[in-house]
Amino acid sequence: MSASLRLYWLFVQLAAIAGGIYGGVLLFDWATG
Amino acid sequence: MRDEGIGARRLVQTVAVALTLGGVACGLTLVFLSMRSVMNVGGFCAEGGPYNIRQHCPQGVPGIMMGGIWGGVILALVYIGMMIRWHLPHFIHLLWSALFLSLGWNFFDYAFNPPGTTSGVVWGWLVCGVLFALMGGLPLLVVVPAIWREFTRGEEQQHGFPGGVPVAHAKRAAEHVGLTQTGDRLVSDLQKLDELLQSGALTPEEYAAAKRRLLGT
C-alpha cells in the first residue's frame, strides 16, 4: 500500500471520528432536550 | 474497466469505514455524555420495574445510553472485521483505550468537582478514575507505536497474506541474479500487483498467476 493511500485512510478515519463525535453530541442534545 | 472496479470498491470501503468508525465514535460520545448526566444526579438512577424509585434518570438518558453501548459494540465488531479482512490501516488498537480514558475522565472530573451540595473529593469516583486511567493508559504504551506503524510502515512490513511478501521477494530475486534496471522494474511491477490485490481488483489466484509470470517461475 502506497504512502498516499495510507494517508487517505488516515484522513477518512479521522474525519469519521470527528463526525461521529459531533453527531453524538447532536443526538444526545436532541434525545435529552 | 479495472480502474472503475478499483474506484467503486474504494468508494464502498470508504463509506463502510466512515459509517462504522463514525458510529463507534458516536456511540462512545453518547455513553460519555449519558454517564455525565447520571453523575449529575448523584451517580445512580433507575427507571421501570415494580419498585419505588428513589432517583429517576434524566429524560432520554436510559435509552440513549443503551443505544450508545450496544450500537457502539456492534459497529466496533463490524469495523474490526472489515479492517482485518481488507488489510487496511486501522484504529482497532485504540478502541479499548478510548473507552476507558473517556469514561475515566468523567470519574476524575466529578471526583474533584462533585455535583450538588457535595464538597471535597469523592474518593469512590477518584479510585474508579485511577483504575480506568490505568486500564486505558497503560495499553497506550504499546498501542501508540502500533498505530504509528500501522499508518507509516514500509511495504515489507505489511501484514496478511500475501501483502508485503512480493517486494522483499523481488529484491532478493533481483540481488540473486545480479539485476539492476530489470530488478527495479520487477520490484515496481510487483508493487503494482500487490496494490491491485489489496484493492480487490485481483483475486488471490489471479495475483499468484501474475506473480509467477513476473518472476518467471
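Because the model is predicted, local features are described only where pLDDT is at least 70 and side-chain atom pairs count only at pLDDT 80 or more, while totals for chains, interfaces and linings use all residues. Residues are numbered from 1 along each chain as its sequence is written, and chains are lettered from A, with ligands numbered from 1, in the order in which they are written.

The C-alpha trace of chain A spans about 45 × 10 × 5 Å along its principal axes. Of the 33 residues in chain A, 24% are buried; a residue is buried if 20 or more other C-beta atoms, placed from the backbone, lie within 10 Å of its own, exposed if 12 or fewer, and partly exposed in between.

Chain B has 8 helices and 0 strands, so its elements read α-α-α-α-α-α-α-α from the N terminus on. Buried residues account for 26% of the 217 residues in chain B. Among contacts in chain B between residues at least 6 apart in sequence, 63% join residues at least 24 apart; here two residues are in contact if their C-beta atoms, placed from the backbone, lie within 7 Å. One residue to look up is K211(B), found in helix α8 (residues 204–215) of chain B. K211(B) counts as buried because it has 21 C-beta neighbours inside 10 Å. The C-alpha atom of K211(B) lies 9.1 Å from that of D189(B), 22 residues apart along the chain.

Chain B is divided into domain 1 (1–92), domain 2 (93–151) and domain 3 (165–215), with bounds that come from an automatic or database domain assignment. Where domain 1 and domain 3 of chain B meet, the contact takes 6 residues from domain 1 and 4 residues from domain 3. The domain 1 side of that contact divides into 1 nonpolar, 2 polar and 3 charged residues. In this scheme Ala, Val, Leu, Ile, Met, Phe, Trp, Tyr, Cys and Pro count as nonpolar, Asp, Glu, Lys and Arg as charged, and the others, Gly among them, as polar.

Within chain B, helix α3 (residues 94–112) and helix α4 (residues 123–137) pack at an angle of about 160 degrees, with their axes 8 Å apart. Axes are lines fitted to C-alpha atoms, for helices over the stretch in contact, and angles run from 0 to 180 degrees between N-to-C directions. The two helices α3(B) and α4(B) are therefore roughly antiparallel, the word used for angles over 145 degrees. Residues of α3(B) that meet α4(B) include W96(B), F100(B) and F107(B), and those on α4(B) include W125(B), G129(B) and F132(B). This contact has 15 nonpolar, 5 polar and no charged residues.

Between the chains, the contact takes 19 residues from chain A and 26 residues from chain B. The chain A side divides into 11 nonpolar, 7 polar and 1 charged. Helix α1 (residues 3–32) of chain A and helix α2 (residues 61–86) of chain B have axes that come within 9 Å and cross at roughly 150 degrees, which makes α1(A) roughly antiparallel to α2(B). Their contact is made by F28(A), A31(A) and T32(A) of α1(A) and V61(B), G63(B) and I64(B) of α2(B).

Terms used: Helix = DSSP H or I, 4+ residues; strand = E, 2+ residues; numbered from the N terminus. Parallel < 35°, antiparallel > 145°, perpendicular 65-115°, else oblique.
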